[in-house]
Amino acid sequence: MSMKVASRQVDGVTIVDCSGRITLGEGSVILRDTVRELLGKGNKKIVLNLQDVNYIDSSGIGELVSAFTTTKNQGGELKLLNLTKKVNDLLQITKLYTVFDVKDDEASAVKSFK
Amino acid sequence: MAMTEQRVSYTLDSSLETIDNAEEKATRIATELGFPDDEIMQISMAVREGAVNAVLHGNAYAPDKKVILAFERTGGDLIITIRDQGVGMDLSKIPNPLAPENLLKTSGRGIFLMRSFMDVVEIRPTQTGTELKLIKHVHGPTAGGKEASQ
């Protein structure tokens, strides 16, 4: 299953619902383009909802890091929401769980920006 | 080809499709051998990372260079080898991705993930490129499949 994204606004925060695989190639490119487009439009409070992301490889992990740092460098904030066990485990073993602000419910994720 | 034989080998192009293809083959073979779901995921992901290294960093997508992927069942081990025809890599130059100063790097986690998921990871130069060997021990009583003579 290829990567799909859909963005929506909740109280000034952009929630990006992601589904499929964030892997080398199309998946990583879609994520990169989505975040760049949001930042370009001035949307700097971003939540990546990864509830339906069932697979991430090292390139996908790199793309998440890139999205995080790109957003931060532009004065914004990017958080992760609803990690699956697989993605959670990957962020744990790569120690990135300590880098990302990870939330497990949308309301608290949105509220955390205020 | 089913993994009821002791060894299967594939010659693949240096393309993105090869990476998905290698991962699918690993998933299928690990499933046939009876590995539990979490280990199937680990094996398929390690093979994917190995294939990424071979296609991108080894062969650099060169159309005249191939990736050789082989799966072998010997005793209690699943042995996977991935060979490329690239210029090779200097392992000493690959930084520790868990070091605080490297955590925000966007690459350099592939070998680390392979080592996290497999029991043995060996990387060695060959006369024509680099050979990666990944070994996963078969733990469960059902794992193993049926071996046949070649």
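Colleague: What share of chain B counts as buried, and what makes a residue buried here?

Modeller: In this predicted model, 35% of the 150 residues of chain B count as buried. A residue gets that label because 20 or more other C-beta atoms lie within 10 Å of its own.

Colleague: And which elements does chain B have?

Modeller: There are 3 helices and 5 strands, running β-α-α-β-β-α-β-β from the N terminus on.

Colleague: Why are α1(B) and α2(B) called roughly antiparallel?

Modeller: The axes of α1 (residues 16–32) and α2 (residues 37–58) of chain B come within 8 Å and cross at roughly 150°. Angles over 145 degrees count as roughly antiparallel, so α1(B) is roughly antiparallel to α2(B). The crossing is right-handed, by the way.

Colleague: Which residues meet there?

Modeller: From α1(B), Ile19(B), Ala22(B) and Ala26(B) are among them, and α2(B) brings residues including Ile43(B), Val47(B) and Ala51(B). By class, the residues of this contact divide into 10 nonpolar, 4 polar and 3 charged.

Colleague: How do you know that chain A touches chain B?

Modeller: Two residues are in contact if their C-beta atoms lie within 7 Å. By that rule, 16 residues of chain A are in contact with 17 residues of chain B. On the chain A side, α2 (58–73) and α3 (85–93) each supply at least two residues, and α2(A) gives the most, with 7 residues.

Colleague: How many residues of each class are on that side of chain A?

Modeller: The side of chain A that touches chain B has 6 nonpolar, 7 polar and 3 charged residues.

Notes
Residues numbered from 1 in each chain as written. Chains lettered and ligands numbered in written order. Predicted model: local features only at pLDDT ≥ 70, side-chain atom pairs only at ≥ 80, totals over all residues. Helix = DSSP H or I, 4+ residues; strand = E, 2+ residues; numbered from the N terminus. Buried ≥ 20, exposed ≤ 12 C-beta atoms within 10 Å, placed from the backbone. Nonpolar A, V, L, I, M, F, W, Y, C, P; charged D, E, K, R; others polar. Axes fitted to C-alpha atoms, helices over the stretch in contact; angles between N-to-C directions. Parallel < 35°, antiparallel > 145°, perpendicular 65-115°, else oblique. Left-handed = near helix turned anticlockwise from the far one by under 90°.
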